[in-house]
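This briefing goes through one protein model by topic. Look at the sequence and the structure first, then read the points below.

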Amino acid sequence: MNSSSLSLPPSFDLSPKPAPTSSIGGWLRILHRVNPVLSWTGWLHVALLGVALVLLPLDARLVTGALVWLKPIKFCLSVLAFVWTLGWLLADLPAPAQRGVRRVSRVVAVCMVAEIACIVLQAARGTSSHYNIATPLDGLVFNLMGVAIMVNTGATIAAVYLGWRYRPHGPAGYVWGVRLGLLLFLVGSVLGGMMIHLNQHTVGAPDGGTGLPGLGWSTRAGDLRIAHFLGMHALQVVPLLGWWLSRRLPRRAALLTWLGALLYAGLVALLFAQALQGQPVVKL
């Protein structure tokens, strides 16, 4: 990012990010300055997370064997990590890329708000939000979520393009961490399409039943959510790897970041193939 960005609208202050601070509040203030759209989207999910956490012990209804407010909690955390990480990473792109960043941010914000609204609505109704077409309303909600995810995938493709077309600010290891992290995140998003195709996330058994504590991943059949989860969180893991390697081994950081990303991609592919064969990652 460079100083020419100061001539752009103040809602997207594109001057270089200040030196990182150890204060979480400092990081969040920087994020809000460089990308207020995704910052506010994240705070909305923080608020919804608080509501769901309050309701969790008060509502004993079960959906696919889990407490009804557990899914909104998981999705609030996942979306929160996604939008805040994406906002931070895209802020490191140079000024010519920031018009595209603003567009991507707005589309992502709308899609994520639409998705969490559907999930919270269905939780309040005591039914499943995913793969549920039991009634016309359920089908409408599920289709709306599908459209939101498709549009968000398109926005992610645009973000990947921006990250590879323009060089992010920072050392080589971090630059490749951002680019490869965005790419693997896109792959993880696409893997979720297999769950839509099957109309469930478990392979070899119905959804629900015995699963890993807290995560719910099946311990008796294949579960496509595991590869999907790891692929999505490449957005955090790979840039952090590139940043760490740039500090520790600056001369080899780019090469090692590529190697780490390839190993990570291999793990995602292995877990995806294992799930398709109906094998649980842990059998209990």
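Glu115 counts as buried, because its relative accessibility is 7% and buried means under 20% relative accessible area, with exposed over 50% and partly exposed in between (1.4 Å probe, protein chains only). The model is a predicted one, in which local features need pLDDT of at least 70 and side-chain atom pairs count only at pLDDT 80 or more, while totals for chains, interfaces and linings use all residues. Residues are numbered from 1 along each chain as its sequence is written, and side-chain values use heavy atoms, with hydrogens and water left out.

- Glu115 is located in helix α4; helices (H or I, at least four residues) and strands (E, at least two) are DSSP runs, numbered from the N terminus.
- Leaving aside neighbours within four places in sequence, Glu115 is in contact (heavy atoms within 4.5 Å) with Phe75, Val79, Met145 and Ile149.
- Ile149 is 34 residues from Glu115 in sequence, but their C-alpha atoms are 7.8 Å apart in space.

**Nonpolar cores**
- A nonpolar core is a set of buried Ala, Val, Leu, Ile, Met, Phe, Trp, Tyr and Cys residues joined through side-chain atoms within 4.5 Å.
- The largest core has 35 residues, and Phe82, Val83, Leu86 and Val108 touch the most other members.
- At least two residues of this core come from each of α1 (24–34), α3 (70–90), α4 (98–125), α5 (136–165) and α6 (172–198).
- Helix α3 gives the largest share of this core, nine residues.
- Beyond four places in sequence, Val83 is in contact with Leu38, Thr41, Gly42, Val108 and Met112.
- Another core, of 21 residues, lies apart from the largest one, and its members include Leu224, Ala234, Tyr264 and Val268.

**Packing of α1 and α2**
- Helix α2 (residues 36–55) packs against α1 at an angle of about 125°, with the axes 5 Å apart.
- Axes are lines fitted to C-alpha atoms, for helices over the stretch in contact, and angles run from 0 to 180 degrees between N-to-C directions.
- That angle makes α1 oblique to α2, as angles under 35 degrees count as roughly parallel, over 145 as roughly antiparallel, 65 to 115 as roughly perpendicular and the rest as oblique.
- The α1 side of the contact is Leu28, Leu31, His32, Arg33 and Val34, and the α2 side is Pro36, Ser39, Trp40 and Trp43.

**Confidence**
- The protein has a mean pLDDT (the predictor's confidence in each residue, from 0 to 100) of 88, and 91% of its residues reach 70 or more.
- Confidence is highest in α2, at 97, and lowest in strand β3 (residues 202–203), at a mean of 78.
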